[in-house]
Amino acid sequence: MERTHKCGQLRPEHIGQQVALCGWVARRRDLGGMIFLDLRDRWGTVQVVFYPDSPGYAAADAVRSEYVVAVRGTVKAREEGNVNPRLATGAVEVAGAEMEVLNTATLPPFYITDDVRVDENLRLRYRYLDLRRPVMQANLMLRSRVAAIIRNFLLEREFIEVETPILTRSTPEGARDFLVPSRLSPGQFYALPQSPQLLKQLLMVAGLERYFQLARCFRDEDLRSDRQPEFTQVDIEVSFMGAGEFLAMMEDMVRRIFAEVKGAALPKPFPRLSWKAAMEKYGTDKPDLRFAMEITDISSLAAGSQFKVFADAVAAGGSVQGLRATAAFSRKELDQLAQVVAPHGAKGLAWMAVEEEGVRSPIAKFFAPEQIDAIVQAFAARPGDVLLFVADADTFGVALPALGALREHLGRRLGLYSEDQFCPCWVVDFPLLEFDQEEGRYVAAHHPFTAPVPEDVERLAADPASVRAQAYDLVINGWEVAGGSARIHTGEVQQAVFQAIGIDAETARSQFGFFLEALAAGAPPHRGIAFGFDRLVALLAGESSIRNVIAFPKTTSGADLMTAAPSLVDPAQLKELKIRPE
RNA sequence: GGAGCUGUAGUGUAGUGGUCCAACAUGCCUGCCUGUCACGCAGGAGAUCGCGGGUUCGAGUCCCGUCAGCUCCGCCA
């Protein structure tokens with residue numbers, strides 16, 4: 001039986017036609033004298049009806065859920081009253097003549113429907129069944145569509161797609177590498193790329209000028225709902241292009257994606273925010289701008305209070321920061337809010353409930369009435385609001401991130417935004433370096449090939465912390481969707497940055513020698529960006545985890561529950577690689 | 001490495017120390033049913049209560065450990 005149509009595509013225009021369909025039995029309704037089958041393929045579901053006098057009736061009687069069948073029949077209009085408006089094909093049905101069972105199916109361990117709330121263990125164990133669910137198929141189709149939009153956009157602008165190796169070289173800095181033992185060079189290892197960073201820069205040295213790749217990247221770090229050990233990056237690099245032109249082009253691409261996929265009009269241009277401003281206003285470098293609620297610094301007001309916690313924090317060089325929530329909280333709820341800031345190092349969460357006749361607060365007694373008034377004014381607080389404070393000696397490490405987490409929590413809990421709203425922004429002027437307490441040295445905040453802001457270069461040695469990077473992150477709704485920078489394209493600056501992060505000339509030569517040679521071989525000024533493709537698609541799909549837009553994802557412990565990877569291997573394989581297990 | 005949540009028929013849940021040889025819904029099986037679309041009706045089968053140990057006269061229930069999934073912190077240039 002040759003398939004002539006797709007189940008989900010049948011419409012009133014097909015009425016009267018003989019069709020042959022293939023698909024899975026989504027449901028079977030046996031009314032005794034007649035049998036209805038909901039037949040599902042990738043395009044949707046259509047109802048097929050069999051009467052006892054049709055040759056296919058016996059087969060229709062025997063099939064069960066998820067059997068694979070081919071059906072021949074005639075498309076008919078449904079009578080008035082029998083139309084199903086909830087089905088795209090609901091105006092028609094197929095009067096089934098013949099049916100062929102192409103394969104039987106075991107009883108599915110969970111329902112193949114969109115609204116199932118089933119244990120994720122099971123979904124991942126039987127991913128091929130999970131992926132039969134229409135919502136999952138829609139996610140994968142969306143992913144493919146977004147990839148196509150990106151390819152078209154970039155190809156239109158004369159970018160070329162280049163593949164870079166998966167088996168490559170381990171370099172210091174950055175995430176933990178996945179290593180692959182070399183059989184031909186026993187004791188030596190390839191590394192899987194954390195990103196094609198150096199390779200795409202070398203393509204610029206090679207003169208390709210405009211490169212992109214949907215690149216698979218690997219980082220051996222712990223997982224999160226927005227992080228998998230292997231993920232896909234839209235990797236982009238250009239030569240001879242300033243930040244203005246480049247970011248405008250990337251914005252155009254993102255605007256096209258959101259317009260075509262969501263019918264959403266994103267602002268032009270995207271708002272820009274310095275890293276410092278983002279931290280001070282939102283307590284994070286990836287702010288969710290769908291709701292206002294900004295952090296207010298009341299250090300100057302708190303310094304003069306009798307409340308030791310506040311005064312001490314300011315005296316120690318820190319600050320007191322606060323948020324205004326337009327909501328009332330019970331004692332228990334306030335305790336829960338304290339649980340939100342605690343993991344970020346906040347030692348407590350102070351609060352003041354603003355009322356008609358003053359404030360109600362356990363710390364009110366430490367403040368003079370005019371100090372209270374000043375604080376209430378600083379927040380423009382009105383009766384019914386609650387002010388929430390975190391004080392800490394470490395402003396950017398503790399106080400602001402704690403309130404940033406609280407802000408996100410409150411935004412979600414108080415329903416301050418909707419899911420179909422998209423608020424992009426560029427976060428710029430990141431610090432180039434940050435001090436790593438464990439290593440006792442500065443490390444690259446972005447990566448060691450990020451160009452410093454030119455007027456800051458001279459401070460690289462004397463005052464590394466103050467050097468800004470020519471870097472930019474694209475943030476949408478609190479998701480870091482892309483990150484990029486101008487790259488260092490001269491050996492001198494590259495050496496200076498290596499030096500600032502404690503990579504001496506010898507190490508630089510041995511680890512990055514090929515790269516330094518390339519920079520000296522006529523490297524053009526270049527810059528680039530990389531989009532977290534899984535995150536972008538998840539955002540567009542309205543999914544809170546990228547697992548739902550990846551066909552075969554891993555669990556939080558890095559396992560693939562379907563194939564049971566990772567697994568032990570045959571000792572002979574290890575022997576061949578000259579690897580001895582402990 | 002750390003914290004929290006979850007784990008009970010195929011699935012989703014209820015069960016808060018004793019009528020629990022575990023309940024409800026759905027799915028499954030059998031029978032009936034010619035306009036259903038989460039079809040309906042009647043009957044039936046289906047559970048080492050994640051795993052191990054402990055407390056107790058008695059544990060699905062309390063305690064300790066452990067495993068798995070999820071969320072978060074650390075980590076993620």
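Strand β4 (residues 68-77) lies alongside strand β5 (residues 92-103), and the two pair in the antiparallel sense over 10 bridges. To pick out one spot, look at Thr 74: its bridge partner in β5 is Ala 95. Keep in mind while you look around that this is a predicted model.

Now zoom out from that pair. β4 and β5 belong to a set of five strands that close into a barrel, in the order β1-β2-β3-β5-β4, with mixed pairing. On average, neighbouring strands of this sheet are turned by 55 degrees against each other, if you ignore direction.

Next, the helices. Here are the two to find:

| Helix | Residues | Residues making the contact |
|---|---|---|
| α5 | 197-205 | Leu 198, Gln 201, Leu 202 and Val 205 |
| α14 | 505-519 | Phe 512, Phe 514, Phe 515 and Ala 518 |

How do α5 and α14 sit relative to each other? Their axes come within 10 Å and cross at roughly 25 degrees. As for the handedness, α5 passes α14 in a left-handed crossing. The contact uses Leu 198 and Val 205, among others, from α5, and residues including Phe 512 and Ala 518 from α14. What kinds of residues are these? The contact of α5 with α14 divides into seven nonpolar, one polar and no charged.

Terms used:
Residues numbered from 1 in each chain as written. Chains lettered and ligands numbered in written order. Predicted model: local features only at pLDDT ≥ 70, side-chain atom pairs only at ≥ 80, totals over all residues. Heavy atoms only, no water. Axes fitted to C-alpha atoms, helices over the stretch in contact; angles between N-to-C directions. Helix = DSSP H or I, 4+ residues; strand = E, 2+ residues; numbered from the N terminus. Left-handed = near helix turned anticlockwise from the far one by under 90°. Contact = heavy atoms within 4.5 Å. Nonpolar A, V, L, I, M, F, W, Y, C, P; charged D, E, K, R; others polar. Pairing = 2+ DSSP bridges.
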